[in-house]
Amino acid sequence: MQGYFAIITIILLVIMVICRILIMRKKGIKALKFGELDKKDFIIPPFVLLYFYLILTNVLNLPRLGFELFNNEIISWIGIVLCIFGLILFLSALISFGISFRVGIDEDHPGPLVTSGAFAISRNPIYTAFGLVLMGIFLILPNFILLLYLIAGLWLFNRQVLREEGSLKKIYGEGYMKYCKKVHRYL
């Protein structure tokens, strides 16, 4: 049963992002900037599709890749709690972002610096939410390959955060530096 929650979590994340992009498009804002600054970003989507496949095969008992590391009902429920916190934080971050939401780095039309709402507790609530969801899904479906995805995902999120921080320093200058002193990078 918990595995179905992993599928629902991924579907909800995708729906929230797509809805937000469409809302931004209606406002005349190009929110999808993925891969414009760094073409290596296009390496990521095939791995994301494989991640979705791994979740589906584990839940629907289809031929699986990898192997299960452990099987513990309590840990699985902890994974669900992490996914719920991740979804709540993600939605809160999307709402807090307002018109500044972008998928990718937008140095040409960045929107105002957001420091309130979810951004008052984390400079990177979306990446923090993704990290919580990745950890939660791994605890629900403790597959060896999903563990590798968790490790790689956390590394990639940190890499992207560092890239974005450099861009934000350039765009917002001292205002962003003051914000960095008050709010942690993650939690």
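This is a predicted model: local features need pLDDT of at least 70, side-chain atom pairs count only at pLDDT 80 or more; totals for chains, interfaces and linings use all residues.

Me: Which helix gives the most to the nonpolar patch?

Reply: The patch covers about 520 Å² of surface and is made by Y4, I8, L12, L56, L60 and L62. Three residues come from the helix spanning residues 2-26, and that is the top contribution. So the name you want, counting helices from the N terminus, is α1.

Me: Is L56 buried, partly exposed or exposed?

Reply: L56 sits in helix α2, residues 44-59. Buried needs under 20% relative accessible area and exposed needs over 50%. L56 comes in at 35%, so it counts as partly exposed.

Me: And what about I74, buried or exposed?

Reply: I74 belongs to helix α3, residues 73-97. The cut-off for exposed is over 50%. With a relative accessible area of 61%, I74 is therefore exposed.

Me: How far does α5 reach from its first C-alpha to its last?

Reply: Helix α5 runs over residues 144-172, which is 29 residues. At 1.5 Å a residue you'd expect 42 Å. The model comes close to that, at 41 Å.

Me: Which helices do the buried residues of α5 pack against?

Reply: The buried set includes L146, Y149, L150, G153 and F157. Contact here means heavy atoms within 4.5 Å. The partners are α2, α4 (125-140) and α6 (174-182).

Me: Which residue follows α5?

Reply: Look for a positive phi, near 55°. That's G173.

How values were computed
Residues are numbered from 1 along each chain as its sequence is written. Side-chain values use heavy atoms; hydrogens and water are left out. Patches are made of residues with over 30% relative accessible area and no salt bridge: like charges are joined within 9 Å, nonpolar side chains (Val, Leu, Ile, Met, Phe, Trp, Tyr) within 5 Å. Accessible areas come from the Shrake-Rupley method with a 1.4 Å probe; for residues, only the protein chains shown count as cover. A salt bridge is a side-chain nitrogen of Lys or Arg within 4 Å of a carboxyl oxygen of Asp or Glu. Helices (H or I, at least four residues) and strands (E, at least two) are DSSP runs, numbered from the N terminus. Buried means under 20% relative accessible area, exposed over 50%, partly exposed in between (1.4 Å probe, protein chains only). The expected span of a helix is 1.5 Å times one less than its number of residues.
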